[in-house]
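Morning, everyone. Please look at the screen while I talk. I'll keep this short.

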Amino acid sequence: MRVVVVGAGLSGLTAARHIATKSHEVVVLDKGRSTGGRCATRRMGGAVLDHGAQFFTVRSNEFANVADDWLHAGVAREWCRGFGTSDGHPRYCGTNGMTTITKHMARGLDVRCSHMVFSVERRGKGWRVNLDDGSSFEADAVVITSPIPQSMSLLANTNLEIPDGIRTIEYDKTIAALVVVDGDTNIPAPGGVQDGDSTFSFVADNMQKGVSPRRALTFHCNPSFSESNWWNDQESTHATVMSLAAEWIGGATIIEHQPKRWRMATPRTTWHERCWSHDGIFLAGDAFAGPRVEGAVLSGLAAAERVLG
Ligand SMILES: Cc1cc2nc3c(=O)[nH]c(=O)nc-3n(C[C@H](O)[C@H](O)[C@H](O)COP(=O)(O)OP(=O)(O)OC[C@H]3O[C@@H](n4cnc5c(N)ncnc54)[C@H](O)[C@@H]3O)c2cc1C
């Protein structure tokens, strides 16, 4: 069976790995320059910063098996057991940033980055996946793991009856800032603050977290700030974010800073099944099994099981 997976985030890579173990021909296509999707790690001014997912938790036995594999492979480790106070539940992160995990998952797979899928159309009993450069892939099954609005536009000309509960899923946005500093900040151990003020949903010190050789901070603005500032001038929004971040930066000297924006950061609602499929098209991703690392992996697993039948 020839399978095309759209998206090399956690969901797509999970699905691809499982399908490939059964000797099927699997190609993973991603429009990004590297794997990971919303698990993203950037290098900047000699620092390393996670700027998408910050950590993951383990809630189900199925995901515990996957997380154990990552821990044994040395690509994930425990970061802490709570931010501020310990609640006893481990928070894990990628050993050298969250993309340590996705790079590990991509190993041995045919993953093609900088490959933007433009549309999916019926071709006899199977499907043709068209790329924006005019090339295409023929497939018996297509697993689509992009955020839902993007998946819907890829399928626009297929006449598939996709339920409204999937079709209408919307996403919260996240405006972020990445800041490399010298000196001590006001971010306490273990280097992460959740909902610490009225602007930021998460503030991270990537050095305390253990992924950066120098002090580098990630600021994620909460959905309400991000929504109300999304359409404002980007430069002045970044200046506002930097001024609001000053309280956390404290006396440290800012060496370098960059804005970052996630237009489709978090699905506001999720579908009640871990994936959806019809006639060789499989929809998966964190909009199905929960808006987090675990949900993306569980959805990828469910899609793979359905593909393998
Ligand atoms: C700012 C932020 C903070 C977060 N923090 C946490 C956290 O601390 N803990 C946690 O558990 N979760 C967190 N999450 C959520 C977590 O990152 C996601 O749930 C998970 O990474 C989603 O994986 P996915 O594979 O479903 O989707 P994605 O990672 O979005 O993967 C989809 C992929 O599809 C690709 N794609 C899209 N369209 C096309 C196309 N047309 N052609 C080819 N490729 C395409 C994209 O490039 C992308 O790589 C956070 C997310 C964000 C944005």
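One definition before we start: a residue is called buried when its relative accessible area is under 20%, exposed when that area is over 50%, and partly exposed in between. Keep in mind that this is a predicted model.

Now use that definition. Are Arg215 and Asp205 buried or exposed? Arg215 is buried, and Asp205 is buried too. Their side chains also meet in a salt bridge, at 2.4 Å from N to O. Where do they sit? Arg215 is in the loop between helix 6 and strand 15, while Asp205 belongs to strand 14, residues 200–205, so this pair ties together parts that are 10 residues apart in sequence.

Side chains of opposite charge can pair when their charged atoms come close.

How many salt bridges does the model have? The count comes to 17. Some of them share partners, and in this way Glu170, Asp172, Lys173, Glu227 and Arg268 are joined into one network.

Let's take two further pairs. Arg214 lies in the loop between helix 6 (206–209) and strand 15 (216–221), and Asp182 lies in strand 12 (residues 171–182), so the pair ties together parts 32 residues apart in sequence. Both ends are partly exposed: Arg214 has a relative accessible area of 25%, and Asp182 has 41%.

Next, Arg2. Which residue does Arg2 form a salt bridge with? Its partner is Asp140, and the closest N and O atoms are 3.5 Å apart. This pair links distant parts of the chain, 138 residues apart. Arg2 is in strand 1 (residues 2–6), and Asp140 is in the loop between strand 10 and strand 11 (141–144). Arg2 is partly exposed at 33% relative accessible area. Asp140 is partly exposed as well, at 34%.

Strand 10 takes us to a sheet. It is an open sheet of 3 strands, in the order 8-9-10, with antiparallel pairing. Strand 9, residues 126–131, pairs with strand 10 over 4 bridges, in the antiparallel sense. Find Asn130 on your screen: it stands opposite Ser136 in strand 10.

Now for some empty space. Rolling a probe the size of a water molecule over the atoms shows where such space is left. The second largest pocket holds about 180 Å³. Its lining includes Thr14, His18, Trp70, His104 and Leu301. Four elements, helix 1 (10–20), helix 2 (61–73), helix 3 (99–106) and helix 10 (293–308), each give two or more residues to that lining. Which helix gives the largest share? That is helix 2, with 4 residues. By class, the lining has 5 nonpolar, 4 polar and 2 charged residues.

One last stop: Gly37. Gly37 lies in the loop between strand 2 (25–29) and strand 3 (41–44). It is partly exposed, at 40% relative accessible area. From Gly37 to Pro190 is 153 residues in sequence and 25 Å in space, C-alpha to C-alpha.

How values were computed. Residues are numbered from 1 along each chain as its sequence is written. This is a predicted model: local features need pLDDT of at least 70, side-chain atom pairs count only at pLDDT 80 or more; totals for chains, interfaces and linings use all residues. Side-chain values use heavy atoms; hydrogens and water are left out. Two strands pair if DSSP finds at least two bridges between them. A salt bridge is a side-chain nitrogen of Lys or Arg within 4 Å of a carboxyl oxygen of Asp or Glu. Buried means under 20% relative accessible area, exposed over 50%, partly exposed in between (1.4 Å probe, protein chains only). On a 1 Å grid over the protein atoms alone, a cavity is a set of points where a 1.4 Å probe fits but cannot get out, and a pocket is an open set with protein on both sides within 12 Å along at least five of seven lines; lining residues have an atom within 4 Å of a point. Grid points are joined across faces, edges and corners, and a volume is the space filled by probe spheres set on the points. Ala, Val, Leu, Ile, Met, Phe, Trp, Tyr, Cys and Pro count as nonpolar, Asp, Glu, Lys and Arg as charged, and the others, Gly among them, as polar.
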